[in-house]
Amino acid sequence: MFFERHGGGERAVLVHLDSQDPAAGEDPQEFQELARSAGAQTVAFVNVPRHQPSAKFLIGSGKVEELGQLVKRDEVDLVIFNHTLTPSQERNLERALECRVLDRTGLILDIFAQRARTHEGKLQVELAQLEHMSTRLVRGWTHLERQKGGIGLRGPGETQLETDRRLLRVRIRQIKQRLEKVRSQREQARRGRRRADIPSVSLVGYTNAGKSTLFNALTEADVYAANQLFATLDPTLRRLELGDLGPIVLADTVGFIRHLPHKLVESFRATLEESSNADLLLHVIDAHEPERDQQIEQVLEVLSEIGAQELPILEVYNKLDLLEGIEPQIQRDANGRPARVWVSAREGLGLDLLQQAIADLLGNDLFVGRLSLPQRFGRLRARFFELGVVQSETHDEQGESLLDIRIPRVELHRLISREGAVPAEFLEQHTLQ
C-alpha cells in the first residue's frame, strides 16, 4: 500500500455539522459507526450548528478554540469531521488544533484500506487515496518548497513538491493501466457467461444491510460478514442453481453510503461494473432500519451514477427476524411480477421465496422446454450444442432429436428464423416441423 495506515486505536474527537437541510446533511449515528469501523476510540462527540460555514476553518473560530482545549485536555490524537474539508481548511485546522485532522472522505478511505483483501481491491483503494492526497501534498512538504541548491545542485531544477507530484502522477497512471487490464478481464469473463447463457444477478444495497449474510445463505459460501460498515469490499462471484431455470452467477459487491465520495465511485469502476452489467439487481434493504427510505434513495442515486438505474430490480427486505407481525412473502406488482421479497438471511427465512422470485423474473426472458427437430435441421441442432444451451437429448421413433434447451427467447427467434420457420408457431407447439 502506497500510504501506510496508522496502527489504529487513536483517541478521536468527532465533529458533526448540524445542517438545516436533512438532504444535504449527514447522519450523526452513521458517522459514529464509521469511526468505530475505522478503529477510532471516540473521546467526545461535538455537534456544531451549521449556519454560515467559515472559509478558513469550516466552523467558527470560537469552536476551533474549544476544540483545541479539548484536544489538549484529553490528549486527543485525531479530530474527524463528518463533512468534506478543502485542503486549506484541513491545513488550517491542523495548525490551530496541533493534531491530525481527517474529513469524511479520508475516514471512508481509511476503512476501505483496512477491508481490501485482493490485489485488485488494494489497487483501487490506493488509487482513491492517491487522488485524494495529491491535493494535500503541500501539508507535508511546505518546508521543502524551494529550488534545490548546494554544491553540484545549483541552477534550474524542481522543487521537492513538484518532484513528489510528478511521482504521484506516474504511480496513478500505472495503477489505472493495471485496473484497465482487470476491467477487460472482467468483461471477457462476462462475455463468456453470456455465451454460455448464464444470467448474472448482483447484490446491491446500503452498507451493513446484510448482503454478505444473504450471499452466504444462498450460496453456502464463507464471505466475511460482520455488523460493521463496509465489511465487504472485494467482489465475490458464486454459481447458484435455481430449479428449472438452471445456473446463475450471484455477485456480492461493496455497499453504498450517503454521499459516497465520487473518487471512490471512479476508483471502483471495475468492481461496480459487476452491478451495471447484471441481468438482475437484488436491492437488499435493512427492513429494521428507521432511515431505510433515505438509504433506498442513496442506493438508487449511486446506481444512477454507475449507469445501472434502468436494470430490473427486485427489492429484498432483509432482517425480518427483527420485526413483529410480518411473515416471509413475495409482493407482486400490477402485472403479477415479483417486486419485493421479505426474508431473514441470518435465520434462513424466505430464501426459497427469494429464489422463486429470481427464477420468475429471469425466466420471463428465457425459453425452457423441449424441441422436436427433424433430421433436416441438423445445422440448427449443431448450433444449439455450440451455444451450450442443450440440457439433454433423446430421439423419438421417427429419429427426430428431442432437445431439452434453455435459451433466451430473442436468440431462439433469431436461430429459428434463419432456418425459414415461423417463431410464433414454433414456440406455441414447441416443435419444429
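Trainee: Which way does helix 1 pass helix 4, in a left-handed or a right-handed crossing?

Mentor: This is a predicted model, where local features need pLDDT of at least 70, side-chain atom pairs count only at pLDDT 80 or more, and totals for chains, interfaces and linings use all residues. Residues are numbered from 1 along each chain as its sequence is written, and side-chain values use heavy atoms, leaving out hydrogens and water. A crossing is left-handed if the near helix is turned anticlockwise from the far one by less than a right angle, and right-handed if clockwise. Here, helix 1 passes helix 4 in a left-handed crossing.

Trainee: At roughly how many degrees do the axes of helix 1 and helix 4 cross?

Mentor: Two packed helices are described by the angle between their axes and the distance between the axes. The axes of helix 1 and helix 4 cross at roughly 40 degrees and come within 9 Å. That makes helix 1 oblique to helix 4 (under 35 degrees is roughly parallel, over 145 roughly antiparallel, 65 to 115 roughly perpendicular, the rest oblique).

Trainee: Which residues of helix 1 and helix 4 make the contact?

Mentor: Contact means heavy atoms within 4.5 Å. Helix 1 brings Glu30, Phe31, Leu34, Ala35, Ser37 and Ala38, while helix 4 brings Arg104, Leu107, Ile108, Asp110, Ile111, Gln114 and Arg115. By class, that is seven nonpolar, two polar and four charged residues.

Trainee: What is Ile80 in contact with?

Mentor: Leaving aside neighbours within four places in sequence, Ile80 is in contact with Ala12, Val13, Leu14, Val15, Phe31, Leu102 and Leu107.

Conventions. Axes fitted to C-alpha atoms, helices over the stretch in contact; angles between N-to-C directions. Helix = DSSP H or I, 4+ residues; strand = E, 2+ residues; numbered from the N terminus. Nonpolar A, V, L, I, M, F, W, Y, C, P; charged D, E, K, R; others polar.
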